[in-house]
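The sequence and structure come first.

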Amino acid sequence: MKKHAIVLLLIVLAVVAGCFAGAFGLRQPTANGDTCRLYLPDGTTRDALCDSLVANHVLHSTTAFRLVARLLQLNDVRPGSYVVEPHMRTLTLVRKLRNGQQDPIRLIIGKFRTPQDLNTYLNAKLMHNDFDVPLDSFHLILPDTYEFYWTVTPHAFMQRMGKEYRKVESGKWKVGSGEPNTQHSTLDTFKDVIILASIVEEESNHNPEKPLIASVYLNRLRRGMPLQADPTVKYAVGDFTLRRILHKHLAVESPFNTYLHTGLPPAPICLPSKSSINAVLNAPKTDYLYFCASDQMDGTHRFASTLAQHNANAAAFHRAMNALGIK
């Protein structure tokens, strides 16, 4: 009997100790004094979770955390990105992880030049590493800052991008609804707007000039003239660092080479900014057919209505390039 009493006493003491430890663990705040973010991929075990919490200086004690995790039945760790606020209660943290209450991450999509560049960025920033935005969907990606869950799938990502694209399209573009003289009525679809805006984007960082640049290309499209846009040649060659476009570059066969092919390229040559999109949509009426970089080398351009005027502007620019030793 005495032996059974001792065993029973030990069991009671263990239960009481567990209750005290559990209560202490539930109330215990996390150790981090600053906000930290956890990234838990698919297949994370509870041990791996504890390792991550220790590595991020979140836990005072893995023992207390493990006890609370067992009490709250944190069995399967849901993948995701979770923000741990400073000195968050262990109870709150365990519940958050158990329920998969992710915190979205900010995804900054800027001026990517190719789908491959965009896919590399997405694969590095998000949990899934099989993003493969195709060239024929590249125009759907509008540069902006978005919030996504880290676990977003490539399919869900493209659905969201398509939704954002259609929202902008419906607000800024009505096919056939413009006045007959509207500049952008030369373009058939909002995709065309994006493609032309991508060329404008690559032509200048000087926003005040962008509508004039857009007007040049719209005038050329209207007359059936080739766009002869140097950025499309850089894209065709695959060298975006070119300072001078030479005859050998102009001869490169590619549907993106607008010296060889009239009309717009088949896809954007980059993801254009809002300023470039608005420049195309709000391009002024001009008689400009040409432009080239200014000989002042200040990032601005000289515009011309005649070839003779343009040749004079171009000659001045090339003299300035030669004087600076730019080849």
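Which helix gives the most to the lining of the largest pocket? Helix 12 does, with six residues.

## Basis of the model

The model is predicted, so local features need pLDDT of at least 70 and side-chain atom pairs count only at pLDDT 80 or more, while totals for chains, interfaces and linings use all residues. Residues are numbered from 1 along each chain as its sequence is written, and side-chain values use heavy atoms, with hydrogens and water left out.

## The largest pocket

A pocket here is an open set of points on a 1 Å grid over the protein atoms alone, with protein on both sides within 12 Å along at least five of seven lines; lining residues have an atom within 4 Å of a point. The largest pocket has a volume of about 1,400 Å³, where volume is the space filled by probe spheres set on the points, and points are joined across faces, edges and corners.

Its lining is made of 43 residues, and Glu-203, Asp-230, Arg-243, Ala-293 and Phe-317 lie nearest the centre. At least two lining residues each come from helix 7, helix 8, helix 9 (230-237), helix 10 (247-250), strand 5 and helix 12 (307-323). Helices (H or I, at least four residues) and strands (E, at least two) are DSSP runs numbered from the N terminus. By class, the lining has 20 nonpolar, 12 polar and 11 charged residues. The nonpolar class is Ala, Val, Leu, Ile, Met, Phe, Trp, Tyr, Cys and Pro, the charged class is Asp, Glu, Lys and Arg, and the others, Gly among them, are polar.

## The cavity

A cavity is a set of grid points where a 1.4 Å probe fits but cannot get out. The structure holds one cavity of 30 Å³ or more, and the largest cavity contains about 40 Å³ of space. Gln-28, Pro-29, Leu-59, His-60, Ser-61, Ala-64, Phe-65 and Thr-90 line the largest cavity. This lining divides into four nonpolar and four polar residues, with no charged ones.

## Fold and burial

The protein chain has 12 helices and six strands. Of its 327 residues, 43% count as buried; buried means under 20% relative accessible area, exposed over 50%, and partly exposed in between (1.4 Å probe, protein chains only). The accessible surface comes to about 17,400 Å², and 54% of that belongs to carbon and sulfur atoms. These areas come from the Shrake-Rupley method with a 1.4 Å probe, and for residues only the protein chains shown count as cover. Among contacts (heavy atoms within 4.5 Å) with a separation of 6 or more, 63% join residues 24 or more positions apart.

Helix 11 (residues 274-281) has Ser-276, Ile-277, Ala-279, Val-280 and Leu-281 as its buried residues. These pack against helix 6 (154-172), helix 7 (190-203) and helix 8 (210-223).

## Cysteines and backbone

The count of disulfides is zero, a disulfide being a pair of cysteine sulfur atoms within 2.5 Å. Cys-270 is buried at 0% relative accessibility, and Cys-292 is buried with a relative accessible area of 10%.

Most residues other than glycine have a negative phi. His-87, not a glycine, has a positive phi of about 55 degrees. His-87 sits in the loop between strand 2 (80-84) and helix 4 (90-99) and is partly exposed, at 47%. Met-297 is not a glycine either and has a positive phi of about 55 degrees. Met-297 lies in the loop between strand 5 (290-293) and strand 6 (301-304) and is partly exposed, at 33%.
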